[in-house]
Amino acid sequence: MLSHRILVVPLIAGSILLASSCSDDSTQPTPTTDQLEPAKVAVQQGSPDDPVALARSVPGFGGFFVDEQGTPTIYLKDAGQRGAAERALTPWFSSRGRGVATMRVRKADFDWADLDRWFTQASADALGVPGVVFTDADEARNRVHIGVEHAAAASQVRSVLARLGIPAGAVIVEVTQPIKQLATLRGSVRPVVAGVQINFPGFLCSVGFNASRNGIRGFVTASHCTSTQGGVENTPYWQPLQTVNPTQIARETVDPIYTTGGSCPAGRRCRRSDASFARYINSTQNTLGRIARTSSTNKTNLTIVGNWTVTSDATSSSFTVGQQVNKVGRTTGWSQGPVSATCVNVNVSGTSITQLCQTVVSATVGAGDSGSDVFAITSGTNVKLDGVLWGGSSDGTIFVFSPLANVKGELGALTTH
């Protein structure tokens with residue numbers, strides 16, 4: 001959805017961990033801004049990617065998602081509104097070659113307008129509670145969903161909800177793992193393509209995707225895959241390692257600072273993407289629109305057998321819950337899984353950073369996968385570029401990425417293919 005959710009991520013795997021490649025620099029300038037909201041991307045009326053718009057078309061709408069069996073499912077307070085829901089969602093079903101008759105209806109306890117309002121009310125205050133991992137308006141559970149690291153945080157969150165007058169029954173508060181930034185270690189690849197290992201002083205990350213910015217060729221990776229997250233300090237990059245190939249391939253040139261105020265929770269610094277741009281130097285060969293491809297999603301399979309080809313870019317900051325997406329990174333290779341939450345506001349574990357409107361995916365990840373490309377397969381080896389991975393759970397079962405629309409909104413216009 002286009003509204004914000006907040007998630008506390010320690011990017012690694014198993015819990016959402018952001019194995020940060022750099023410490024939280026409290027001396028970094030933190031100017032205030034009232035413009036943290038991303039430019040709204042036009043979304044088709046009735047599209048499940050925009051629940052707020054769908055709620056305007058379908059009375060009593062409470063959420064839409066694709067369940068684990070692949071069944072499109074909608075929450076309605078009144079099952080008699082199924083006809084209105086089918087009319088609103090016909091374009092979505094038609095684009096996937098499915099009939100609206102396959103849609104399952106579940107009884108909604110709450111309509112989306114209320115959930116979205118309660119989410120907005122609860123988000124800023126709840127995210128300020130130590131130990132809160134995320135806040136979400138959950139399409140698949142018809143509830144506001146708040147993840148916490150421990151019972152003490154859960155108790156504090158419930159007190160916040162009571163003070164705000166938000167019904168306890170409308171909110172699920174449960175213990176989950178924190179989310180952190182990823183960073184940690186493989187072969188020399190020329191031309192450089194997305195998904196391969198890069199080395200910057202003391203750390204390892206992955207190339208997100210090659211791009212042209214203002215006519216200058218470079219690559220996008222995670223902002224925390226720089227010497228200082230947020231702000232440009234000309235971080236140098238090597239591929240695969242400085243000790244293996246001492247010729248520097250690129251240097252950081254764009255990395256917006258994190259800001260305070262506006263939609264940013266009090267005491268925290270915010271952006272809408274954990275992304276930066278590095279310019280290729282020393283005549284480094286690189287290929288636009290190519291992502292390294294392995295033959296399987298086995299995380300030990302790191303052998304490149306070809307490329308995925310980027311043929312289009314995602315234009316929305318939100319994704320349908322249940323939609324399948326992929327990533328290729330230097331640590332766990334190619335992994336694939338469903339979107340489990342969309343437009344989530346994420347607190348980065350161990351830092352004062354909150355990433356706004358991010359996407360959570362149930363798929364394999366590991367330290368060093370930070371910066372990886374995220375994409376959806378459209379046909380054969382053709383893909384749509386969706387964003388940049390920056391965090392994950394410590395058990396390696398969940399990753400978080402910044403939508404490409406957010407990345408472009410902060411880094412500027414990018415040509416990806």
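**Salt bridges and a buried strand in a predicted model**

Aspartate 125 is partly exposed, with a relative accessible area of 31% (buried means under 20%, exposed over 50% and partly exposed in between, with a 1.4 Å probe and protein chains only). The model is predicted, so local features need pLDDT of at least 70 and side-chain atom pairs pLDDT 80 or more, while totals for chains, interfaces and linings use all residues. Residues are numbered from 1 along each chain as its sequence is written, and side-chain values use heavy atoms, leaving out hydrogens and water.

**Salt bridges**
- Eight salt bridges are counted, each being a side-chain nitrogen of Lys or Arg within 4 Å of a carboxyl oxygen of Asp or Glu.
- Aspartate 125 forms a salt bridge with arginine 163 (3.4 Å, N to O), and this pair links helix 3 (residues 112-127) to helix 4 (residues 151-164) across 38 residues; helices are DSSP runs of H or I with at least four residues, and strands are E runs with at least two, numbered from the N terminus.
- Lysine 408 and aspartate 313 meet at 2.7 Å, N to O, in a salt bridge, and because lysine 408 lies in helix 5 and aspartate 313 in strand 20 (residues 306-313), the pair ties together parts 95 residues apart in sequence.
- Lysine 408 is partly exposed at 26% relative accessible area, whereas aspartate 313 is buried at 17%.

**Strand 6**
- Seven of the seven residues of strand 6 (residues 132-138) are buried, so the strand is largely enclosed by the rest of the structure.
- Strand 6 pairs with strand 7 (residues 143-148) in the antiparallel sense over four bridges, where pairing requires that DSSP finds at least two bridges between the strands.
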